[in-house]
Amino acid sequence: MTAERTETSQGIFTDIPSGCEINSSGTFWTVIHDQEKPVPLTAADVLWCRYQKRGFHVNKQDPNSPRPRKGLVFVAFVVAAVALIVAAIGAFSSLRAADRADEAIAKIDALAAQRQPDPAPPEPVPSVGESATPSPEGSTASPEGEGGNVPSLTPQTQYKQKYADEALTVASKCNSDVLIDLDEPRVQVNDVVSEITFAIGCNSSSPPQISLRSGVEGSEVTSDRVQPVECAEKIRKSPLADNTAIPIRRGQVYCVKTSLDTARSSATSWKMVVLSVTAIAQDGTVSLKSSAWDIPS
């Protein structure tokens, strides 16, 4: 017997139950679209046909029709993409919220800082060698140089004798300077500790000369019996010119006040010196006499 197969609108081939005839090759003959064609049978179809003994129902989908599984995969892909976009938007929103929170905290801190009063300036710390107690009237400090405040010297200033009547002999070649340190005193020292530069010209008629180093002050006086208090007053009223060569001759006396900045940097005492020119030889060698007092600082 033969079975006639028809196609429905859903693409399903439905057999008319008019019996089931199977040949030896496992196929049956049916008429599709007015053409008689052999249709291969699967093992399941053969079993079903033998069981029914009458016709069989083959429910197979047309290969040309779309498969539902592909549609489900597309839907799943769309859902995953939407979820990823939503997660990205959420992360971006969280970052923006954190930035805005930081900006708000910074503005609050700035407002709080503006409302706080300015801190009081720290109390000045006395320099090394300076007293923390107020100075007596007439001895207030005044600024000078890089060393900070310099105590004013008054008639009440107490000087302490450092050395007295030290003899110095200074010999110099033509146009060659000799540096003198009045702290010890010494001749032929380096420029860091020196107070006076001694020089002699190449012309025999040119007298020896001295000049005061940077930060050193001095004044010419009439007697080597002058006291430190009188030297301080003389230097204040009639100082020698800075960095100027001064011709010297026998019998001259000078008051010299050493550099306070140099004294502080070299850990030595600040001094008032009385320097006398006692002799000048024919070759220009000069004999000096020096006495010094420590200045309280």
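The structure is a predicted model, in which local features need pLDDT of at least 70, side-chain atom pairs count only at pLDDT 80 or more, and totals for chains, interfaces and linings use all residues. Residues are numbered from 1 along each chain as its sequence is written, and side-chain values use heavy atoms, with hydrogens and water left out.

**Overall make-up**

- The chain has four helices and 16 strands; these are DSSP runs numbered from the N terminus, helices being H or I with at least four residues and strands E with at least two.
- Of the 297 residues in the chain, 29% are buried (under 20% relative accessible area, with exposed being over 50% and partly exposed in between; 1.4 Å probe, protein chains only).
- The accessible surface is about 20,000 Å², and 55% of it belongs to carbon and sulfur atoms (Shrake-Rupley method with a 1.4 Å probe; for residues, only the protein chains shown count as cover).
- Among contacts (heavy atoms within 4.5 Å) with a separation of 6 or more, 50% are between residues 24 or more positions apart.

**Nonpolar cores**

- The largest nonpolar core has 22 residues, and Ile180, Leu182, Ile196, Phe198, Tyr254 and Leu288 have the most contacts inside it; a core is a set of buried Ala, Val, Leu, Ile, Met, Phe, Trp, Tyr and Cys residues joined through side-chain atoms within 4.5 Å.
- At least two residues of this core come from each of strands E7 (160-170), E8 (178-181), E10 (196-199), E11 (209-212), E14 (253-257), E15 (271-280) and E16 (286-294).
- A second, separate core of 15 residues includes Val226, Cys231, Val274 and Ile295.
- Leaving aside residues up to four places away in sequence, Leu288 touches Glu166, Ala167, Leu168, Val170, Ile180, Leu275, Ser276, Val277 and Thr278.

**Disulfide**

- One disulfide is found in the whole structure (a pair of cysteine sulfur atoms within 2.5 Å).
- Cys231 and Cys255 form this link, with their sulfur atoms 2.0 Å apart.
- The pair joins distant parts of the chain, as Cys231 lies in helix H3 (residues 228-237) and Cys255 in strand E14, 24 residues apart.
- The link is left-handed, with -55° about the S-S bond, and both cysteines are buried.

**Surface patch**

- Phe74, Val75, Phe77, Val78, Val79, Val82 and Val86 make a nonpolar surface patch of about 680 Å².
- Patch residues have over 30% relative accessible area and no salt bridge, with like charges joined within 9 Å and nonpolar side chains (Val, Leu, Ile, Met, Phe, Trp, Tyr) within 5 Å; a salt bridge is a side-chain nitrogen of Lys or Arg within 4 Å of a carboxyl oxygen of Asp or Glu.
- Val86 lies in helix H2 (residues 68-115) and counts as exposed because its relative accessibility is 54%.
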